[in-house]
Amino acid sequence: QVQLVESGGGLVQAGGSLRLSCAASGRTFSNYVMGWFRRAPGKEREFVAAISRSGSNTYYADSVKGRFTVSRDNAKNTVYLQMNTLNSEDTAVYYCAASVDYGLQDRVRYENKYAYWGQGTQVTVSS
C-alpha cells in the first residue's frame, strides 16, 4: 500500500503558475504509475496528467496540454505537476493517484485504474 499527500495548492491570479507536489510513502514509489486528476466545483473528477514508472512517458488531457508538465523524482518518492498560464477553468481540487497496473498506455486516463488516492489540494485561480 502507498500513502499519498499533495501540497502546493493555493490562490493564484490568472496567467500565473503553481507547482503541485505529491509525496508518497509506503511501498516502492517506482512501482507505481502516477496520475493527477481534478474536480472543479459542480463537476465530476477528470483526468489531468499521468506519468509512467520511469518517467519516460507522459500523458495529458487536451485542456492542459502545453501548459502543465508532470514529472517525478523516484529518489524523492515525489511526483510533480507544474501548472503554467493558469485560468479560471483550472480552479479545482487536485488529486494525485497511484496505479499498480501494467500496460495502461492511454488507459491512464481512467480513474478506476488507480487504487490509491491522496486527499487533494485546492487550486483557485482568480480572474
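**Reading burial and contacts**

Modeller: In this predicted model, Ser-21 touches Val-5, Glu-6, Ser-7, Trp-36, Thr-78, Val-79 and Tyr-80, once residues up to four places away in sequence are set aside.

Biologist: Where is Ser-21 placed, and is Ser-21 buried or exposed?

Modeller: Ser-21 belongs to strand E3, which covers residues 18-26. The cut-off for buried is under 20% relative accessible area, and Ser-21 is therefore classed as buried because its value is 16%.

Biologist: How should I read Met-34, and which residues is Met-34 in contact with?

Modeller: Met-34 lies in strand E4, residues 33-39, and is counted as buried because its relative accessibility is 0%. Leaving out neighbours within four places in sequence, its contacts include Leu-4, Cys-22, Phe-29, Ala-49, Ile-51, Val-79, Ala-97 and Tyr-114.

Biologist: What does the side chain of Thr-91 reach, and where is the place of Thr-91?

Modeller: Thr-91 sits in the loop between strand E8 (78-83) and strand E9 (92-99), and with a relative accessible area of 15% this residue is buried. Its side chain reaches the backbone nitrogen of Val-125 at 2.9 Å, and Val-125 is also among the residues that Thr-91 touches, together with Ala-40, Pro-41, Gln-122, Val-123 and Thr-124, not counting residues up to four places away in sequence. The C-alpha atoms of Thr-91 and Arg-39, which are 52 residues apart along the chain, are separated by 8.5 Å.

Key
Residues numbered from 1 in each chain as written. Predicted model: local features only at pLDDT ≥ 70, side-chain atom pairs only at ≥ 80, totals over all residues. Heavy atoms only, no water. Helix = DSSP H or I, 4+ residues; strand = E, 2+ residues; numbered from the N terminus. Buried < 20%, exposed > 50% of the residue type's maximum accessible area, 1.4 Å probe, protein only. Contact = heavy atoms within 4.5 Å. Polar contact = N/O pair within 3.5 Å; in protein donor to acceptor, adjacent residues only side chain to side chain.
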